[in-house]
Amino acid sequence: MTSPGPDSSRPSNETTFSSYNQTQGKIYALNRRNYHPSVYHTILDRHVSTGGQFGTLLDVGCGPGTATVRLAREFLHAIGLDPSEGMIATARSLECITSMSEPVRFEISTAEDLGSTLSPPVGDSSVDLIVAANAAHWFDIPRFWERAGRMLKPGGTVALWTSGEIRIHPSMPNAVAIQAAMDEIEEQELKPFFLPGNLLTRDCYTSLPLPWDLDQPIPCFDRSSFFRKDWGLSDSFFLGNSEVDLDTFEKMMATASPVVRWRQAHPDDAGTERDVLKMFRGQTERLLREAGVQQGKEMVQGTARGALIMVKKSIGI
């Protein structure tokens, strides 16, 4: 199955493939699970243990504000950025405040600008923690690292995390056959709609370039500060029950970026029995019934790996 990472933060030359309007932004917010508390705790604990402060948070590719809401309450000030007007409109509808009860500022901006062109702009050396949840694989990563190095305060932190592809949980009835059917449909229907960013999520950011890996390295980042944590298939990377009914499964999968692009390319089939998600659903129903599951009682249980990487700006810069 496809990775659930959003793609609203990609460079402008790719935005036309899958830009979210306000209705899609609301659907995305309703059907995407939040991250497990262990993800947020790891970020905050690592940030503070390495001397990070809690002045200003910058959430890049914030989407509908899912991670912003959880992290903003730990900071005096918080800003959420996303290039998608629909996502920002959804985020602004949330009750999202900081530790000072200050409303979070949600603005339209790319990961390459990081709010530098806003009015007022996000200033150089003004941010304590920059985060990106399931979004960094869409960034122009050299430009992001260069701008992040300028925006961070000395000793500030960048935290990027992603989930890998969603897999059928092995405890499901007929799990092997269902996974094989999902893989076949993905190969035949969705593979042409994969972008390089989708592949970065598949290896959980193992190949995501870091500041010192670039053709022109960004010297302000401390290589010795690099931190990585992985969540395996048996761990909880997302919050809540991973078992859902088929209606919920279909809605969740509808937010996956290759599915969005498939539907944009097949407007006459989207929502009909020829829809790619109807193919997923039909195969799942058939194989569950072959395993003895009664009609109307079909449930899907998924699992996914996760990964978090963190780096710091050197204190003396």
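Okay, let's start with two helices: α8 passes α10 in a right-handed crossing, where right-handed means the near helix is turned clockwise from the far one by less than a right angle, and left-handed means anticlockwise. Helices here are DSSP runs of H or I with at least four residues, strands are runs of E with at least two, and both are numbered from the N terminus.

Before I go on, this is a predicted model, so local features need pLDDT of at least 70, side-chain atom pairs count only at pLDDT 80 or more, and totals for chains, interfaces and linings use all residues. Residues are numbered from 1 along each chain as its sequence is written, and side-chain values use heavy atoms, with hydrogens and water left out.

Back to the pair. Helix α8 covers residues 246-253 and helix α10 covers 276-290; their axes come within 10 Å and cross at roughly 145°. The axes are lines fitted to C-alpha atoms over the stretch in contact, with angles from 0 to 180 degrees between N-to-C directions. Who does the touching? From α8 we have Leu246, Asp247, Phe249, Glu250 and Met253, and from α10 Leu277, Lys278, Phe280, Arg281, Thr284 and Glu285, with contact meaning heavy atoms within 4.5 Å. By class that's five nonpolar, one polar and five charged residues. Nonpolar here is Ala, Val, Leu, Ile, Met, Phe, Trp, Tyr, Cys and Pro, charged is Asp, Glu, Lys and Arg, and the others, Gly among them, are polar.

Now the whole chain. It has ten helices and ten strands. Of its 317 residues, 53% are buried, and buried means under 20% relative accessible area, exposed over 50%, partly exposed in between, with a 1.4 Å probe and protein chains only. Among contacts with a separation of 6 or more, 78% are between residues 24 or more positions apart. The accessible surface comes to about 13,600 Å², and carbon and sulfur atoms own 51% of that; the areas are Shrake-Rupley with a 1.4 Å probe, and for residues only the protein chains shown count as cover.

Cysteines next. Skipping residues up to four places away in sequence, Cys204 touches Thr162, Gly164, Arg228, Arg305, Gly306 and Ala307. Its C-alpha is 9.8 Å from that of His137, 67 residues apart along the chain.

Arg46 sits in helix α2 (residues 37-49) and is partly exposed, at 25%. Beyond its neighbours within four places, Arg46 is in contact with Ser225, Phe226, Phe227 and Met310. Arg46 and Phe227 are 181 residues apart along the chain, yet their C-alpha atoms are separated by 8.6 Å.

Most residues other than glycine have a negative phi, and most peptide bonds are trans. Ser101, in the loop between α4 (85-92) and β3, has a positive phi of about 60° and is exposed at 54%. Leu114, in the loop between β3 and β4, has a positive phi of about 50°, but Leu114 is buried at 0%. And the Ser119 to Pro120 peptide bond is cis, with omega near 0°; Pro120 is in the loop between β3 (105-108) and β4 (127-133).
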